[in-house]
Amino acid sequence: MPTPLPLPLAGVRVLDLTRLLPGGYATQMLADLGADVLKIEEPGAGDYARTMPPFIGGVGESFVAVNRNKRSAALNLKHPAGREALLRLVDGADVLIESFRPGVMARLALAHETLRERNPRLTVCAISGYGQDGPYSQRVGHDLNYIGYAGLLAHLTSPGQSPTLPGAQFADIAGGALMAVAGILAALVGRATTGEGRIVDVSMTDGALALLPWLATVALHQNGREPAPGEGWLAGALPGYNVYATRDGRYVTLAALEPKFWAEFCQRIERPDLIERQYPRDDADRQQTKDELAAIFRTRTRDEWVAALGDADVCLGPVNTLAEALADPQLRFQGVAAEAEYGGAVGTGGALRTTPLISDAPFATRLGLPPLGAQTREALAAAGYTSDEIATLAHEGAIALGA
């Protein structure tokens with residue numbers, strides 16, 4: 001049998017100074033793909049997510065969600081010897097990712113440029129709400145603020161309705177974590193040619209705005225004019241691209257955008273007269289077509305509609321709950337979740353795959369969750385510290401050693 005390939009990012013060393021969701025999600029993706037991620041945490045408290053309720057086995061759910069396959073070292077970056085320990089780790093690292101407020105790293109004498117002068121091959125990635133510079137760079141915020149600024153929240157609604165608070169963190173994950181991973185991987189590929197790392201500035205607000213390419217293109221080409229919320233083609237303007245209630249109070253999605261799908265749908269529901277009404281002439285025509293479809297969809301349950309049209313060329317599917325999605329036969333076939341051993345009181349549970357399927361790169365939880373500072377001694381020894389030096393650093397409060 002051929003020798004299995006190493007994971008795609010095997011050998012890539014990442015120092016993770018982030019806390020909470022965006023950075024944790026990004027570095028977990030890198031770790032799942034084989035990178036050696038060393039989580040640098042504050043002695044005593046560690047990542048805030050460790051102690052934020054609700055809990056699984058005494059550990060914050062949000063920490064469990066995004067910190068598998070990592071190691072942990074506890075360094076006091078406000079202590080000169082703790083900063084020097086980080087710099088020694090930087091010497092052998094490929095990537096450093098942080099999510100402090102812009103300017104904090106410089107005040108700690110760890111400015112991005114300083115790190116890269118020490119290790120020119122290092123890629124530094126900074127995740128922040130609004131970017132490292134500019135009039136909002138020092139503003140605090142969270143996902144809801146960022147999608148509000150980016151114009152995304154305004155379009156999560158229907159005409160005449162208030163914006164809908166989303167259940168997913170668009171700015172944190174799509175605008176922050178995924179943008180960070182894309183930037184880091186691009187920088188690593190570029191380094192293969194130049195030998196030089198880069199600085200990756202991830203603004204979660206910028207990233208959230210990047211999720212609106214169609215609407216933004218319209219606005220940029222129409223002197224700022226944009227479709228009103230609920231009036232864009234993919235936001236409610238087309239009866240054939242919408243969500244409809246069913247007889248049992250559940251919902252189905254209809255996304256018959258192409259004329260061939262719309263025509264097939266109209267034939268299947270025995271309403272060929274609707275084929276010519278795919279693109280409404282005006283608001284009254286749009287509403288009439290929607291009302292007629294709504295009445296039709298209320299004649300069957302959600303599952304009856306899926307059974308009747310799910311395999312037809314009409315682009316119809318269910319609105320699943322999360323539990324239903326995790327149990328869906330296609331998603332289960334794809335292996336979107338796997339059993340994982342998290343260790344400690346968390347024990348065994350499920351883990352959600354957050355990376356694409358890559359050949360010879362099986363999804364697995366190899367290291368579980370890192371106890372705070374569990375690998376401090378190991379990481380510093382690899383950086384050249386002796387046992388006596390490590391003991392001295394711990395005595396001085398520059399580091400903390402895990403149990």
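The following legends describe an overview and several close-up views of a predicted model.

**Figure 1. Overview of the chain.** The predicted chain contains 17 helices and 14 strands. Its C-alpha atoms fill a box of roughly 85 × 50 × 45 Å along the principal axes. Of the 403 residues in the chain, 44% are buried. The accessible surface amounts to about 20400 Å², and carbon and sulfur atoms account for 56% of this area. Among contacts between residues at least 6 apart in sequence, 67% join residues at least 24 apart. The chain carries 35 positive and 45 negative side chains, and the centres of these two sets lie 2 Å apart.

**Figure 2. Surroundings of Asp 94.** Asp 94 is located in the loop between α3 (80–91) and β6 (95–98). With a relative accessible area of 7%, Asp 94 is under the 20% limit and therefore counts as buried. Leaving aside residues up to four places away in sequence, Asp 94 touches Gly 11, Val 12, Arg 13, Arg 121, Leu 122, Thr 123, Leu 188 and Arg 191.

**Figure 3. Salt bridge between Asp 94 and Arg 13.** Side chains of opposite charge can pair when their charged atoms come close. The closest N and O atoms of Asp 94 and Arg 13 are 3.7 Å apart, and the two residues form a salt bridge. Asp 94 lies in the loop between α3 and β6 whereas Arg 13 belongs to strand β1 (residues 13–16), so the pair ties together parts that are 81 residues apart in sequence. Asp 94 is buried, whereas Arg 13 is partly exposed at 42% relative accessibility. In the whole structure, 23 salt bridges are found.

**Figure 4. Salt bridge between Arg 71 and Glu 378.** The side chains of Arg 71 and Glu 378 meet in a salt bridge with an N to O distance of 2.5 Å. Arg 71 is part of strand β5 (residues 70–75) and Glu 378 is part of helix α16 (residues 376–382), and the pair links parts of the chain that are 307 residues apart. Arg 71 is buried, with a relative accessible area of 17%. Glu 378 is partly exposed, with a relative accessibility of 46%.

**Figure 5. A network of salt bridges around Asp 285.** Asp 285 forms a salt bridge with Arg 277, and their closest N and O atoms are 3.7 Å apart. Both of these residues are buried. Salt bridges with shared partners join Arg 271, Asp 273, Arg 277, Arg 281, Asp 285 and Glu 292 into one network.

Figure 6. A cis peptide bond, with omega of about -5°, joins Pro 53 and Pro 54. Pro 54 lies in the loop between β2 (36–41) and β3 (55–56). Asn 69 is a residue other than glycine with a positive phi, near 60°. This residue, Asn 69, is placed in the loop between α2 (61–66) and β5, and at 1% relative accessibility Asn 69 is buried. Cys 315, which is not a glycine, has a positive phi of about 65°. The loop between α13 (302–309) and β11 (316–318) holds Cys 315. At 32% relative accessibility, Cys 315 is partly exposed.

Methods:
Residues are numbered from 1 along each chain as its sequence is written. This is a predicted model: local features need pLDDT of at least 70, side-chain atom pairs count only at pLDDT 80 or more; totals for chains, interfaces and linings use all residues. Side-chain values use heavy atoms; hydrogens and water are left out. Helices (H or I, at least four residues) and strands (E, at least two) are DSSP runs, numbered from the N terminus. Buried means under 20% relative accessible area, exposed over 50%, partly exposed in between (1.4 Å probe, protein chains only). Contact means heavy atoms within 4.5 Å. A salt bridge is a side-chain nitrogen of Lys or Arg within 4 Å of a carboxyl oxygen of Asp or Glu. Accessible areas come from the Shrake-Rupley method with a 1.4 Å probe; for residues, only the protein chains shown count as cover. Lys and Arg count as positive and Asp and Glu as negative; His and the chain ends are not counted. The place of a charge is taken as NZ of Lys, CZ of Arg, CG of Asp or CD of Glu.
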